[in-house]
Amino acid sequence: MSSQTRSMADYPLLPLKNVVIFPRTIITLIVGREKSIKAVEDAASRDNRIVVAAQRSIDLEDPTPADIFTTGTLAEIMQIHKQPDGNVQVVVEGVRRVNIERFLQARYSYRVQAMDLLERPEAGTQTDALVRNVTEMFERYARLNRNVPPDAADSINKVDTAGRLADVLAAHLPLDIATKQSILETLNHHQRLEKVSTYLHNEIEILEMEQRIRSRVRQQMDRNQREYYLKEQLKAIHEELGTDQLSEASDLKQRVKDKGLPEAIEVKMLREVVRLERMPQASPEGNVVRTYLDLVLALPWNERTEDRLDIDVALEILDEDHYGLHKVKERIVEFLAVRQLVAKASGKPSTKGPILCFIGPPGVGKTSLGRSIARALNRKFVRLSLGGVRDEAEIRGHRRTYVGALPGRIIQSMRTAGTRNPVIMLDEVDKMSADFRGDPAAALLEVLDPEQNYGFVDHYLDLPYDLSEVMFITTANVPWQIPRPLLDRMEVIEIHGYTEDEKIQIGKRFLLPKQLGQHGLEPNQMELSDAVIRSLIRLYTREAGVRSFERTIAAICRKAARKVVKDESARPKVTPKSLTDYLGPPRHRHRGAIEESEVGVATGLAWTEQGGELLPVEVAVMHGRGTLTITGRLGDVMQESARAALSYARSRADALHVDKDFQEKLDLHIHLPEGAIPKDGPSAGITMATALISAITKRPVRNDVAMTGEITLRGRVLPIGGLKEKVLAAHRAGIRRVVAPEENRRDLVDIPKKIRDQVEFVWVSSMDQVLAAAFVERRGPGWRETPPEVPETVDIQVPSLPADDIHTEIVDNASQ
């Protein structure tokens, strides 16, 4: 084709990654993108002609017209081979340069309208001299570069035109994409060859310099010192470049000196650097030493963040993130106040950080509270989950003698924080366990002891590291799963479950705005009234925290978002009656008080990890031979409480005006409903005793009374735990009279004042007081005659099971 003729035609386009194809060069391509495969197939079905052009970025999988260079090459497909993995191997030969004038719309492949580019050859002695010079340079390049095939120089000698010579050389030289594209876009043959000459000259200089370096290194090395080859080569490179760059060892020494380490540690680190300097470059032990030095230099030895000591600002930040939790906020404010006073008295702030332990049910905000505390104090925050950790080395690290040794999580957390005084949260500290590899809880004893953690030694670090400025916060659901020595080192702050009113406020102030934002809804597009939120809490969640509550609000927001997408003017209105449309039928039954006073039925109170619950106890009396049956999946402690209640009733037969031999003539069946749920703990003792005595004496128990307390054989009432959660459960059920142990009167301050004002508390220390408060007065309000000699069995019937066959699980550990 004549170089003076230009034509325009439509061709398929094959975008290339990291490849530039020149005219009269043959190259094999692996095509994997779907559109590219379609373009190859399109070209093969026509005249085998296809335009190939490089992408501006190799990271793009689906390039747009703006991502492709407009100067490319018209190529002819010589061979196509489909591979088993779905890719296509294509052999193409460049024909001529083209310019992409227009990108055409194509659904399944790329197509362009391209016009031939007119090349501008130059003839003359100057061009001939340049061709000869470049040919000679390539011969030198081929001798220096072992990767060039021996026959490459011969093939170059056969090229006689400047433009073609430049294209062939550019295709073989190790040039970047931008440089090759620049050569492709140069139409003047002389200028194109000059560019190639410049790049070729640079490559020759680099190869000759490498040859001189290798020669010098070989002359300097002894036969017994060949292992130092790479190190000596690096020195020779620095000498050849004329620079005085620091070696690795010199750099490490300087970093150690600039770090400001304690004197003893600095001396030890300098010794490690000297060891590294004497080791062979490729020694495995050298890599261990390098990693160790990098860790020591990455740890914060003197870096600190300045605490925000303004109490009002800190309290404002805590209030922004969490509703309620007054005890925790008060403790943080006290910590800041102490630091202020110490700073004024001594001129520098106190260094020791408190070690707090937040204990509470799931979803009450323990983990997020730690992040909020760090923000209020202007400290770095690092969370460390200990759930399921069973290896001591997770805390203390592995010794460096082991392959793949790593520092413990505490030291890694300090490196992540980058300061000496971060807030480190040890989450789920009650979920750790021990095995043959050691007890991680024991390893935490030194970490969480303010008198010892100033010199904590990690096995990997093997240096004393000061943790005294760190504020450690641990979280747990229950305290009895934490080893006693570890619990003794922490300041325990109990975070109780939220009341219904608190959940309403949390939902309105925090959860609803958060979920509206996450679901793309404006505040005016959906509102939830207090009545709706209350129904959500009672009928769709049963928890002490708000995690499930938030998921329920998110479910409503998703339904509302769907309605808004269908109709932008829609303003979904949620009412208590329409909740079933959004969430389906209620998932929980709102358990209220017993409808009327009955014989043999008493209402107890239980405490679980999810909060307080009502615990009704039912007793049936039948003619028999004195068998005691206990059902309802009761644990060992609760079964023992039932037997203690029976023994107490038998010992008080005269005072109760019942036959002393009643047990020999009657069978007793004690049952706690919801038999699928395991139950345990001593706090239902007075409840079972009251229901048992009611069934024997045929006196009904008041249905507006709930009780909790442990019973002894002598009828004493012992204190229990979880009083706040239990009282909240009674209040939610509409019960306004609670019988509780006298020794628990001290826990009254933990109960919100609004609840205290609405509930009557009867403090008891003996079983006689319990019966006086629980039984309906004869002929008084709520009294009804009991029909037959033998009381009827209660509504819920379950088969009698031997007590030894009852499966035990701890759910209500309420004793203190």
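**Trp301 and Tyr465**

I looked up Trp301 and Tyr465 first, and both are buried; buried means under 20% relative accessible area, exposed over 50%, and partly exposed in between (1.4 Å probe, protein chains only). I am working on a predicted model, where local features need pLDDT of at least 70, side-chain atom pairs count only at pLDDT 80 or more, and totals for chains, interfaces and linings use all residues. Residues are numbered from 1 along each chain as its sequence is written, and side-chain values use heavy atoms, with hydrogens and water left out.

**Aromatic pairs**

I searched the whole structure and found 4 aromatic pairs. Rings of Phe, Tyr and Trp (its six-membered ring) pair if their centres lie within 6.5 Å; planes under 30 degrees apart count as stacked, over 60 as edge-to-face, and the rest as tilted.

I took Tyr292 and Tyr460 from this search. Their ring centres are 6.2 Å apart and their planes stand at 65°, so I noted the pair as edge-to-face. Tyr292 is in helix 10 (residues 284–298), while Tyr460 is in the loop between strand 10 (456–457) and strand 11 (464–465); the pair therefore ties together parts 168 residues apart in sequence. Helices (H or I, at least four residues) and strands (E, at least two) are DSSP runs, numbered from the N terminus. Tyr292 has 0% relative accessibility, so I count Tyr292 as buried. Tyr460 is at 4% and is buried too.

Trp301 and Tyr465 also form an edge-to-face pair, 5.0 Å centre to centre with 70° between the planes. This pair links distant parts of the chain: Trp301 sits in the loop between helix 10 and helix 11 (311–321), Tyr465 in strand 11, 164 residues apart.

**Charges over rings**

I checked Tyr292 again and found Arg400 over its face, 3.7 Å from the ring centre. Elsewhere, the charged end of Lys35 sits over the ring of Tyr110, 5.4 Å from the centre. The test asks for NZ of Lys or CZ of Arg within 6 Å of the ring centre and within 35 degrees of the ring normal.

**Pro262**

I found Pro262 in the loop between helix 8 (248–259) and helix 9 (263–278). Its relative accessibility is 41%, so Pro262 counts as partly exposed.

**Cysteines**

How many disulfides does the structure hold? I found 0, taking a disulfide as a pair of cysteine sulfur atoms within 2.5 Å. Cys357 is buried at 0% relative accessible area. Cys557 is buried, also at 0%.

**Thr708**

I located Thr708 in the loop between strand 20 (705–707) and strand 21 (710–711). Its relative accessible area is 0%, so Thr708 is buried. Its side chain makes a polar contact of 3.1 Å with that of Lys726. A polar contact is a pair of N or O atoms within 3.5 Å; within protein, one must be able to donate a hydrogen and the other to accept it, and residues adjacent in sequence count only if both atoms are side-chain atoms. Leaving aside neighbours within four places in sequence, Thr708 is in contact (heavy atoms within 4.5 Å) with residues including Leu605, Ser683, Val739 and Pro741.

**Whole protein**

I counted 28 helices and 24 strands. Of the 816 residues, 49% count as buried.
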